[in-house]
Amino acid sequence: CEKEGVYDHCKRAFSAALKLGKHGLVLMGSCDWNDAFSLVGERGEGESVFSSLLYVMSANRFIPVCESRGDFETADKLRKTAEELKKAVEDNAFYGDRYARAFCDDGTVLGTEDSEECKIDILSQAFAALSGLDPQRTKIGLETAFSRLYDENNQIFRLFSPPFANGRARVGYIRGYASGIRENGGQYSHGALWGALGYIRAGMPEKALKILDCVNPVAREDSKSLAKKYKAEPYVISADVYHGKFGGRGGWSWYTGAASWYYKIMLEEVYGIRLLADKLLLSVKPLIPYEMEMTLGDTKLFITASSDTKEPRLNGEKIRFPIKLPDGEIRLEVPCE
């Protein structure tokens with residue numbers, strides 16, 4: 001039994017994850033986030049573009065932690081590794097109008113126009129934005145993804161398209177799902193929400209808001225046809241929404257971490273409300289107009305976000321964010337982006 005602090009455990013995790021393949025990308029192993037890709041890296045050669053970008057994003061967020069502890073050696077090492085991984089993705093995984101999803105053991109590429117199945121996957125495009133890849137390429141990839149994955153008729157945003165059906169790629173048990181069901185080409189709400197976050201980061205909020213409506217069950221109640229297809233509770237988020245034969249039907253409600261992601265994205269990115277809990281400092285930078293009441297500790301907030309508002313005001317007085325939260329009732333007027 002080994003005992004260590006959280007910081008040392010995180011350092012060990014970064015070290016253990018850094019196993020690279022012939023393209024300089026992180027190995028897939030038995031799978032990545034999509035555990036149904038169980039055979040992509042079965043023989044130890046398949047590589048995951050998603051895992052490579054997740055490593056970059058995580059390293060960039062951990063570097064300030066290292067520096068705050070005076071561990072500049074680890075910070076420099078992570079910074080260098082992140083840049084090398086970004087270069088490997090740019091050099092090997094960008095295919096004209098999108099980033100590929102993965103390289104299989106036998107060299108088969110997933111997530112390109114030439115792929116037999118899974119020609120476009122949202123994860124690579126979203127995490128390209130979240131990990132700071134080339135901005136122009138990132139926007140191109142996100143545009144391609146939206147044109148291929150957004151299904152307005154069923155109000156869903158698919159994880160990838162087309163689904164795995166009768167192709168030859170050795171990808172794993174994902175082929176056990178019917179086309180359009182769960183991870184196999186349906187809307188997987190985790191992926192859809194990471195997609196929405198990627199569009200926000202890339203400065204494409206209109207597309208992000210459409211995706212958020214795809215995940216929000218209440219948005220389906222505005223349409224009788226969508227509500228009839230959905231067949232799931234209109235007050236909880238479903239883990240997935242089907243495409244294809246059962247297009248628009250919800251599945252695995254009451255049981256998904258996507259609900260937390262939806263709350264976080266709406267609160268912090270759309271409503272723009274961020275709180276530094278250790279200092280009780282608040283900043284508000286909204287994406288859309290809204291009016292809201294909320295309670296934070298001993299403070300009751302009344303927030304009005306409007307495009308007519310030119311500068312933030314607290315109880316009528318001009319302010320600059322972040323502000324220290326006072327007790328009692330306060331009224332905030334804030335401009336939209």
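Visitor: Leaving aside its neighbours within four places in sequence, which residues is Y199 in contact with?

Guide: The structure is a predicted model, and contact here requires heavy atoms within 4.5 Å. Once neighbours within four places in sequence are set aside, the residues in contact with Y199 are I122, L142, A145, F146, F157, M204, P205, K207, A208 and I211.

Visitor: Which residues touch the most other members of the largest nonpolar core?

Guide: The largest nonpolar core comprises 62 residues. Within it, the residues that touch the most other members are I122, F157 and Y199.

Visitor: Which helices and which strand each supply at least two residues of this core?

Guide: The helices that each contribute at least two residues are helix 2 (49–68), helix 3 (72–92), helix 4 (122–130), helix 5 (135–149), helix 6 (189–201), helix 7 (205–215) and helix 9 (258–270). The strand that does so is strand 2 (102–103).

Visitor: Of how many residues is the other core, which lies apart from it?

Guide: Members of this other core include L282, V284, M292 and I319. Its size is 19 residues.

Visitor: Which residue has its C-alpha atom 5.6 Å from that of F164, 47 residues apart along the chain?

Guide: F164 is in the loop between strand 7 (160–161) and strand 8 (187–188), and at 1% relative accessibility F164 counts as buried. Leaving aside neighbours within four places in sequence, its contacts include F37, L110, C118 and N184. The residue whose C-alpha atom is 5.6 Å from that of F164 is E117.

Visitor: Which residues form a nonpolar patch on the surface?

Guide: One member, Y255, is found in the loop between strand 10 (250–253) and helix 9. Its relative accessible area is 60%, so Y255 is exposed. The patch has about 610 Å² of accessible area together, and the residues forming it are Y235, W252, W254 and Y255.

Visitor: How many salt bridges does the count come to?

Guide: In general, side chains of opposite charge can pair when their charged atoms come close. Taking a side-chain nitrogen of Lys or Arg within 4 Å of a carboxyl oxygen of Asp or Glu as the rule, the count of salt bridges comes to 26.

Visitor: How many residues apart in sequence are the parts that K11 and D71 tie together?

Guide: The side chains of K11 and D71 meet in a salt bridge of 3.2 Å, N to O. K11 belongs to helix 1 (residues 6–17) and D71 to the loop between helix 2 and helix 3, so the separation in sequence of the parts tied together is 60 residues.

Visitor: With which residue does R101 form a salt bridge?

Guide: The closest N and O atoms of the pair are 2.8 Å apart. The partner lies in the loop between helix 1 and strand 1 (47–48), whereas R101 lies in the loop between helix 3 and strand 2, 69 residues apart.

Visitor: Which residues are linked with R201 in a network of salt bridges?

Guide: R201 forms a salt bridge with E269, with 2.9 Å between the closest N and O atoms. R201 is in helix 6 and E269 in helix 9, so the pair ties together parts 68 residues apart in sequence. R201 counts as partly exposed at 45% relative accessibility, whereas E269 is buried at 11%. The residues linked with R201 in the network are K264, E268, E269 and R274.

Visitor: What radius of gyration does the protein chain have?

Guide: The secondary structure of the protein chain comes to 9 helices and 18 strands. For 337 residues the globule rule gives 20 Å, and the chain comes close to it, so it is as compact as a globular protein of that length; its radius of gyration is 22 Å.

Visitor: What percentage of the residues in the protein chain is buried?

Guide: A residue counts as buried when its relative accessible area is under 20%. Of the 337 residues in the protein chain, the buried ones make up 51%.

Technical notes
Residues numbered from 1 in each chain as written. Predicted model: local features only at pLDDT ≥ 70, side-chain atom pairs only at ≥ 80, totals over all residues. Heavy atoms only, no water. Core = buried A, V, L, I, M, F, W, Y, C linked by side-chain atoms within 4.5 Å. Buried < 20%, exposed > 50% of the residue type's maximum accessible area, 1.4 Å probe, protein only. Helix = DSSP H or I, 4+ residues; strand = E, 2+ residues; numbered from the N terminus. Patch = residues over 30% accessible without salt bridge, like charges linked within 9 Å, V, L, I, M, F, W, Y side chains within 5 Å. Areas by Shrake-Rupley, 256 points an atom, 1.4 Å probe, with all protein chains shown as cover. Rg over C-alpha atoms; globule rule 2.2 N^0.38 Å.
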